[in-house]
Amino acid sequence: MARLYHLARLNDRWFRLDEPLDVAYQLGLPVDGDYVSGCLTDFHLYIEGGRPAWQWFHELLGVLPPENQVQKFAVNCTWFQETFAECPDGADEETVRRFVRAYIMMLLGTQLFADKSGNRIHIRWLPYVARLEEMGRYSWGSAALAWLYRCMCRVANRHVVKLAGPLQLLQSWIFWRFPTLRPSGYDEISWPLASRWSGYNPGISNKGPRVQMARLKIDLLQPRQFIWMPYSALDVIQVVHPEVLEPRHTMLWRCRTSLIYFAVVEWHQVDRVLPQFGGVQPIPSPALNIDFLMSKDGRGGDRWFPAQYADWHDHWQERAEHILQFDIVPDPGPSHDFLTWWYQHGKRFLSPEMLLGDPRGIPIPDEATQRGAGRLPDMDRVEDVPDRRRIERRARLVQMPRGGCSSFRPVQWRLAVFPHISHIDGSHQYSPEACNDGMPGYKGGKSRTAYENKLETRQPVPQLEQGKS
């Protein structure tokens, strides 16, 4: 239960929690610590002292959910809320611990690591709530960030219509850094910073016009309308919990390493957002290609993920060796070189031209020339892991013998049964010579159709001479 006590009242519930910097300030979650990983269901196989899943569930929570409240290895949140709604007065220590375990599972399963349903709680958290005193040694901030990155990557697919993950973190990040997008009337600052917007609930009415207006505001954004370092303000420093500012946490804000949440592995490319830490942003190095990891979500049988993705877990274990060092400047922001690069490669407008008063590009601001080109230290290049499954499948098909490919069988069958067909591409041109060779059911020239005989005996059309009608 340690480290989960700084819970903010978000959406009428008590909870605590881009960059680990933002996770720390917005949700109050620790950044430094062990990775949040392990296995999902086979606890008795991979964990010392583990039990079969539902046996362990009963031992830790004192009750089992009915079958109609269980979907594979997830339990409906309504059952948790009804069963553990209020801890009885005078409860003994074991009963209190059971309610605490249930509450933390609800917190993790519906807020920090929610799926798109938002109403199911996976039993993957049993090994963590089994040792309440040790929950504070994990990096909940990096795990929440990894899950948010993965959910945002998935929703970029046009066939995906819902966004999962810690959305209160994403919303608060937007409001703190884009003042023009903030709702009015939320000026009181408290800790964690995401609690500032706890009463904000725009609903779903007029969603289309709101999206268009937000896009237009982003298109018309001026250089000074984005706040690179919102947490340096005096009124923010006054409410920040001192534990967040401990060096072991703050140094990881500038760490270039992996972010892990069980089977989800993302890459923290902090070198692309240096102005958030007071630096000048140079032209970014090529992004790490981790397409192959995008398809890994824990399906297809349980595994011990620290062994399955050992290299990426090792990256996190060696995180202290990958801290970026760069110059701090009084006016952080993108360099002139970066803006020139971005104008050539970025999508500059989200709205159609008809909505823009002046669709011409805004010139590079004068202050960008004073920031210089930016500087980054030499960094070890991590190997790309692109998704090559389609390429490998095509290579296998090309190497497959002709007789072994089922796609050639219809062609061979048609040629064997209909040798009078001289084309196999769908044109089906008729060859009278083939009929004379004889086909099954026909005898020589008798295979000619009545229509062909009529064409042969038909009288030719008389041709008119010139000058005669």
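1. Trp 304 lies in the loop that runs between helix H12 (291-294) and helix H13 (305-308), where helices (H or I, at least four residues) and strands (E, at least two) are DSSP runs numbered from the N terminus. This is a predicted model, in which local features need pLDDT of at least 70 and side-chain atom pairs count only at pLDDT 80 or more, while totals for chains, interfaces and linings use all residues. Residues are numbered from 1 along each chain as its sequence is written, and side-chain values use heavy atoms, with hydrogens and water left out.

2. Trp 304 is partly exposed, because its relative accessible area is 31% (buried means under 20%, exposed over 50%, partly exposed in between, with a 1.4 Å probe and protein chains only). Together with Leu 45 and Tyr 46, Trp 304 makes a nonpolar surface patch of about 290 Å². Patches are made of residues with over 30% relative accessible area and no salt bridge, nonpolar side chains (Val, Leu, Ile, Met, Phe, Trp, Tyr) being joined within 5 Å and like charges within 9 Å; a salt bridge is a side-chain nitrogen of Lys or Arg within 4 Å of a carboxyl oxygen of Asp or Glu.

3. In strand E6 (residues 258-261), Ser 258 and Ile 260 point one way and Leu 259 and Tyr 261 the other, and all are buried. In a regular strand the side chains alternate between the two faces of the sheet.

4. Strand E6 runs antiparallel to strand E7 (residues 264-267), to which four bridges join it; two strands pair if DSSP finds at least two bridges between them. Tyr 261 stands opposite Val 264 in E7, and the two strands form a hairpin with two residues between them, Phe 262 in the turn having a positive phi of about 55°.

5. Elsewhere, an open sheet of three strands has the order E3-E4-E5 with antiparallel pairing. Strand E3 (70-71) and strand E5 (120-122) stand at the edges, each with a single partner strand, so one side of each is left without a neighbour in the sheet. Two bridges pair E3 with strand E4 (residues 74-76) in the antiparallel sense, and Ala 74 in E4 is the bridge partner of Gln 71.

6. For the chain as a whole, there are 19 helices and nine strands, and buried residues make up 40% of the 469 residues.

Note on methods. Areas by Shrake-Rupley, 256 points an atom, 1.4 Å probe, with all protein chains shown as cover.
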